[in-house]
Amino acid sequence: MAEEAVIVQRIGTTALAGPPLVKAAIGEEVSSEDLGGAKLHTKVSGCIDHFASVESEAYQCSRNIISTFNFELPEETTTEVEEPLYSAEELMGLAPKSYSYSLDITLIVSRLTDGSRLQEFKARYGTTLLTGFARIEGHQVGIVANNGELTYEASLKGCHFVQLCDQRDIPLIFLQNTAPQPVHTLSQAKAEAHSKTLKAQGSMMSAVACASTPKITVVVGGCHGADSYAMCGRAFEPNFLFLWPNARVSILAPGYAGALEQDEEETMRINEQ
């Protein structure tokens, strides 16, 4: 029911039933931590957004969350603008020469945000997508940045974060940077996994399309296929769309057309399955 949730390791637990009921129902002995502890819900299920090792860390995390609510204060307060800890001039040397891998997006974010600070959202879940609140030139923004393939977990995480920013009227900055992935659906298990991922990406696309907050998209590397749509590509009409000189955007990455070709024997085998 909460917009964002914090859990403390070895203190907080969340489960439909406790260890005694599990023991009575299926005869299995399990600890509260394994059943619904902090590590499980922040890294595997994604039900909890923020992990805290101790209570004091949870209090600080709660303060950070409240600071992003974007409420209008009775008196105007001036926010001091901090320079990033790393020079923005170094961005010129971070442009990837090869599109067969994803650049570590934190290298770029740390050179854009005030004080190189980022308050991450769901930091342990869906790690191939970086989401979080930051300030740029004193203005609060929400950052959605690719750090690898846009997986099922990453798409759900992105959907939740975009909805939060829209609710709080926080502008969104999308940093597109994904390596091309060959698509081989040669088994029912892979087909089901792809279907699951596409459904989650569809949810993220819906959240992006419905968000009324300003959106800025920057393509820093390659962005191909459905990832380009979910990350607020041209079809979703961002307020501004910028491309680095090295950027590449396409439905199918160059050199990966062979992934769609199938010989007659392979087609027959897939049909039999």
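**Close-up views of a predicted model**

**View 1. A nonpolar patch on the surface.** Tyr 229, Ile 251 and Leu 252 form this patch. Together they have about 280 Å² of accessible area. The model shown here, and in every view below, is predicted. Look for Ile 251 in the loop between strand 10 (248–250) and helix 9 (264–272). Its relative accessible area is 58%, so Ile 251 counts as exposed, because exposed means over 50%.

**View 2. The largest nonpolar core.** This core has 22 residues. Val 144, Val 162, Phe 174 and Met 204 touch the most other members. Helix 6 supplies the largest share, 6 residues. In soluble globular proteins, nonpolar side chains tend to be buried together.

**View 3. Met 204 and its contacts.** Residues up to four places away in sequence are not counted here. Met 204 then touches Leu 129, Val 144, Leu 150, Ser 155, Gly 158, Cys 159, Ala 230 and Met 231.

**View 4. Asn 177, a buried loop residue.** Asn 177 is found in the loop between strand 6 and helix 7. Is Asn 177 buried or exposed? Its relative accessible area is 2%, so Asn 177 is buried; the cut-off for buried is under 20%. Leaving out residues up to four places away in sequence, Asn 177 touches Ser 102, Leu 103, Ile 105, Asn 146, Gly 148, Val 220, Gly 221 and Gly 222.

Technical notes:
Residues numbered from 1 in each chain as written. Predicted model: local features only at pLDDT ≥ 70, side-chain atom pairs only at ≥ 80, totals over all residues. Heavy atoms only, no water. Core = buried A, V, L, I, M, F, W, Y, C linked by side-chain atoms within 4.5 Å. Buried < 20%, exposed > 50% of the residue type's maximum accessible area, 1.4 Å probe, protein only. Helix = DSSP H or I, 4+ residues; strand = E, 2+ residues; numbered from the N terminus. Contact = heavy atoms within 4.5 Å. Patch = residues over 30% accessible without salt bridge, like charges linked within 9 Å, V, L, I, M, F, W, Y side chains within 5 Å. Areas by Shrake-Rupley, 256 points an atom, 1.4 Å probe, with all protein chains shown as cover. Salt bridge = Lys/Arg side-chain N within 4 Å of Asp/Glu carboxyl O.
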